[in-house]
Amino acid sequence: MRFNNKVAFITGGGSGIGAATARQMAREGATCVIVDISQEAADAVASEVGGLGLAADVSKRAETEAAIAAAVAQHGRIDILFNNAGVGCFGKTPDLDPAEWERVIAIDLNAVFYACHAAIPHMPKPGGAIVNTASISGMAGDYNFTAYNAAKAAVINYTRSMAIDHAREGLRVNALCPGLIATPLTAATDQLPELKRVWHGSIPMGRAGTPDEMAEVVCFLASDAASYMTGSIVVADGGQTAWTGQPDVAPYIAG
Ligand code: NAD
């Protein structure tokens with residue numbers, strides 16, 4: 001019960017990694033505030049974990065601030081802030097509608113700032129923990145993934161920046177970089193067997209990760225067990241970024 005008496009504010013908590021993390025934290029004693037752009041999704045997970053469901057578009061500063069204020073009004077503080085809501089979009093720069101660029105940057109990056117800006121004054125120091133969901137797509141480039149690559153790279157360095165700013169207060173800030181995880185965000189891959197074969201084949205473990213596997217990492221980072229970790233960028237990707245991308249030459253030169 002490492003989250004007994006802890007209040008966790010989880011964005012994008014209505015699905016995938018956010019929902020799995022809410023379930024795990026609640027199992028270990030946390031009171032969860034589930035925030036999602038979909039009221040229905042937030043309420044569904046909140047009722048499952050016995051928490052508070054709030055609808056907010058976290059890319060809108062006023063909505064994020066209102067959600068933080070509602071959580072603080074109900075629970076008095078926020079011990080754990082999990083900035084996890086995120087979206088992607090496809091397109092090389094000349095083809096990308098600038099409105100799409102702005103939408104992805106707003107949800108994946110600006111929202112992290114809005115939530116931290118509003119929540120940090122209400123977080124215990126020492127003892128508070130922020131976890132940001134970045135991505136391995138913030139560590140290198142993907143084809144046709146411009147805005148997402150830029151936003152997630154910014155989340156990684158923003159995590160480091162906040163970590164050092166708040167280290168002496170005892171507020172820890174870390175980031176999770178998932179590889180391919182089987183969630184509704186990536187479900188379309190399953191409808192394209194050839195893409196799935198190639199993608200899974202590029203992962204040394206040969207499969208996508210699960211939301212529960214990400215929740216384990218988030219819970220560790222948010223818990224006191226990670227008391228000496230801040231500014232850490234934790235990769236959980238089945239070995240994807242351990243590989244240079246060069247082929248296994250052995251089958252070609254055998255014999
Ligand atoms: P998901 O689509 O299952 O869940 C994301 C949730 O965020 C959804 O419930 C959605 O309604 C919500 N959301 C979207 N826009 C929002 C907004 N403006 N305001 C509030 N809520 C909003 O996706 P997931 O795979 O669980 O993704 C969670 C995070 O993990 C994202 O930041 C994503 O970029 C990141 N990530 C996912 C993968 C992957 O392969 N699934 C890999 C790396 C990083």
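The following legends describe an overview and several close-up views of a predicted model.

Residue numbers start from 1 along each chain as its sequence is written. In this predicted model, local features require pLDDT of at least 70 and side-chain atom pairs count only at pLDDT 80 or more, whereas totals for chains, interfaces and linings use all residues, and side-chain values use heavy atoms, with hydrogens and water left out.

**Figure 1. Overall fold of the protein chain.** The secondary structure comprises 8 helices and 7 strands; helices (H or I, at least four residues) and strands (E, at least two) are DSSP runs numbered from the N terminus. The C-alpha trace spans about 65 × 40 × 35 Å along its principal axes. Of the 255 residues, 48% count as buried, where buried means under 20% relative accessible area, exposed over 50% and partly exposed in between (1.4 Å probe, protein chains only). Among contacts with a separation of 6 or more, 69% join residues 24 or more positions apart; a contact means heavy atoms within 4.5 Å.

Figure 2. On a 1 Å grid over the protein atoms alone, a pocket is an open set of points where a 1.4 Å probe fits, with protein on both sides within 12 Å along at least five of seven lines, and lining residues have an atom within 4 Å of a point. Of the 50 lining residues, Phe 145, Tyr 148, Leu 185, Thr 186 and Trp 199 lie nearest the centre. Helix 1 (16–27), strand 2 (31–36), helix 4 (98–119), helix 5 (146–166) and helix 6 (193–201) each supply at least two residues of the lining. By class, the lining has 26 nonpolar, 19 polar and 5 charged residues; Ala, Val, Leu, Ile, Met, Phe, Trp, Tyr, Cys and Pro count as nonpolar, Asp, Glu, Lys and Arg as charged, and the others, Gly among them, as polar.

**Figure 3. The cis peptide bond at Pro 126.** The bond from Lys 125 to Pro 126 is cis, with omega near 10°. Pro 126 lies in the loop between helix 4 and strand 5 (129–133).

**Figure 4. Asn 5 and its positive phi.** Although Asn 5 is not a glycine, its phi is about 65°. Asn 5 belongs to the segment before strand 1 (7–11) and is exposed, with a relative accessible area of 67%.

**Figure 5. Asn 144 and its positive phi.** Asn 144, also not a glycine, has a phi of about 65°. Asn 144 is placed in the loop between strand 5 and helix 5 and is partly exposed, with a relative accessible area of 32%.
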